[in-house]
Amino acid sequence: MKAAVIVFPGSNRERDMARALTLVSGRAPTMVWHAETELPAGTDLVVLPGGFSYGDYLRCGAIAARAPIMAPVREHARKGGLVIGVCNGFQILCEAELLPGVLQRNASVKFVCRDVHLKVERSDTPFTRGYNAGQVIRVPVAHGEGNYFAGEGTIGRLEAEGRILFRYTDPEGKRDPKANVNGATNAIAGVLNEKLNVLGLMPHPENHVESVVGCTDGRGLFAGLVAHFAQAA
Amino acid sequence: VRQGKVFDIEIADGDAAKAEATLKEAAEKLLANTVIENFKVEVTGPAPQAAPATP
């Protein structure tokens with residue numbers, strides 16, 4: 001699996017992401033600076049990491065979404081290539097209109113940094129084939145603006161088309177307002193685009209891939225991607 | 001309560017209609033996120049002459 005991690009000024013989770021990708025896939029990703037105008041040849045997976053790209057000026061992800069590297073990222077997605085945006089990366093994908101909706105300030109108006117439980121809604125995507133549908137995983141979140149919002153029509157379409165991939169739940173997988181850390185519409189933690197090849201999620205699976213930190217629930221996402229590309233090859 | 005942002009933008013070209021079109025485009029493309037925000041563009045006429053530099 002040839003992965004490229006995009007680095008914007010103000011990205012701060014790109015090394016966690018690179019470490020997770022290297023550990024699980026056995027191959028280090030290429031780090032690609034935002035000012036580049038092309039992706040490395042043969043890139044399978046593009047990852048937009050977390051952080052505060054461009055200092056969150058104007059709006060989270062707004063300026064990064066217009067960075068030069070986003071043109072080839074957009075093209076990669078258009079051709080069906082896989083793209084993942086985590087946290088600030090999710091905000092960037094929404095601002096770039098590669099995903100619908102927007103991440104608003106948390107309903108609590110506070111930055112939230114803790115482990116959450118996510119229900120994996122389906123396992124028949126390249127991103128979740130390492131999990132079972134309905135499985136609950138524990139991964140950390142760390143964000144001030146993760147409250148997913150979209151118009152009613154858009155939310156209805158996302159639900160009907162099975163494009164909500166992760167939802168905040170309690171440890172048993174049940175919806176609970178207390179488990180919805182940021183007040184997201186329908187407890188949405190991760191969404192897919194129409195073609196199911198672009199994923200944005202607020203939580204950080206890359207931080208739960210090693211037993212030394214006490215949990216490896218995030219590993220399935222990367223292991224699933226490796227299996228996906230091994231099968232495609 | 002309404003909360004928002006105001007951008008004061010100076011445009012070199014003196015044509016008001018052109019300026020308005022340019023600013024609308026800027027608002028749609030970048031300055032506003034139209035999923036949750038709306039915007040209003042107002043052209044207020046030529047900028048005041050810069051004050052002469054104080055010695």
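I looked for aromatic pairs and found 1 over all chains. The model is predicted, so I keep to the local features that pass its pLDDT limits of at least 70, and 80 or more for side-chain atom pairs.

The pair is A:F90 with A:Y148, and it is stacked. I read 5.9 Å centre to centre and 10° between the planes. An angle under 30 degrees counts as stacked, so the label follows. I then asked where the two rings sit in chain A. A:F90 is in helix α3 (residues 88–95) and A:Y148 is in strand β8 (residues 147–149). They are 58 residues apart, so I note a link between distant parts of the chain. Both A:F90 and A:Y148 are buried.

**Salt bridges**

I picked out A:E121 with A:R167, at 2.9 Å from N to O. A:E121 lies in the loop between β6 (112–120) and β7 (136–143) of chain A, and A:R167 lies in strand β9 (residues 164–169), so the bridge ties together parts 46 residues apart in sequence. Are these two buried or exposed? A:E121 is partly exposed, at 27% relative accessible area. A:R167 is buried, at 8%.

In chain B I checked B:K24 and B:E20, whose side chains meet at 3.7 Å, N to O. Both lie in helix α1, 4 residues apart, about one turn of the helix. B:K24 is partly exposed at 39%. B:E20 is also partly exposed, at 30%.

**B:E37 and its partners**

B:E37 bridges to B:K5, with the closest N and O atoms 3.9 Å apart. The two are 32 residues apart: B:K5 in the segment before α1 of chain B, B:E37 in the segment after α1 (16–31). I have B:E37 at 27% relative accessibility, partly exposed. B:K5 is partly exposed too, at 44%.

B:E37 also forms a salt bridge with A:R59, at 3.8 Å between the closest N and O atoms. The count between chain B and chain A is 1 salt bridge.

**The interface**

How many residues does each chain bring to the contact? Chain B gives 10 and chain A gives 9. Together the chains bury about 770 Å², 60% of it on carbon and sulfur atoms. I also noted 5 residue pairs in polar contact across the interface.

Definitions and conventions
Residues are numbered from 1 along each chain as its sequence is written. Chains are lettered from A and ligands numbered from 1 in the order in which they are written. Side-chain values use heavy atoms; hydrogens and water are left out. Contact means heavy atoms within 4.5 Å. Buried area is the accessible area (1.4 Å probe) that two parts lose on being put together, summed over both. A salt bridge is a side-chain nitrogen of Lys or Arg within 4 Å of a carboxyl oxygen of Asp or Glu. A polar contact is a pair of N or O atoms within 3.5 Å; within protein, one must be able to donate a hydrogen and the other to accept it, and residues adjacent in sequence count only if both atoms are side-chain atoms. Rings of Phe, Tyr and Trp (its six-membered ring) pair if their centres lie within 6.5 Å; planes under 30 degrees apart count as stacked, over 60 as edge-to-face and the rest as tilted. Buried means under 20% relative accessible area, exposed over 50%, partly exposed in between (1.4 Å probe, protein chains only).
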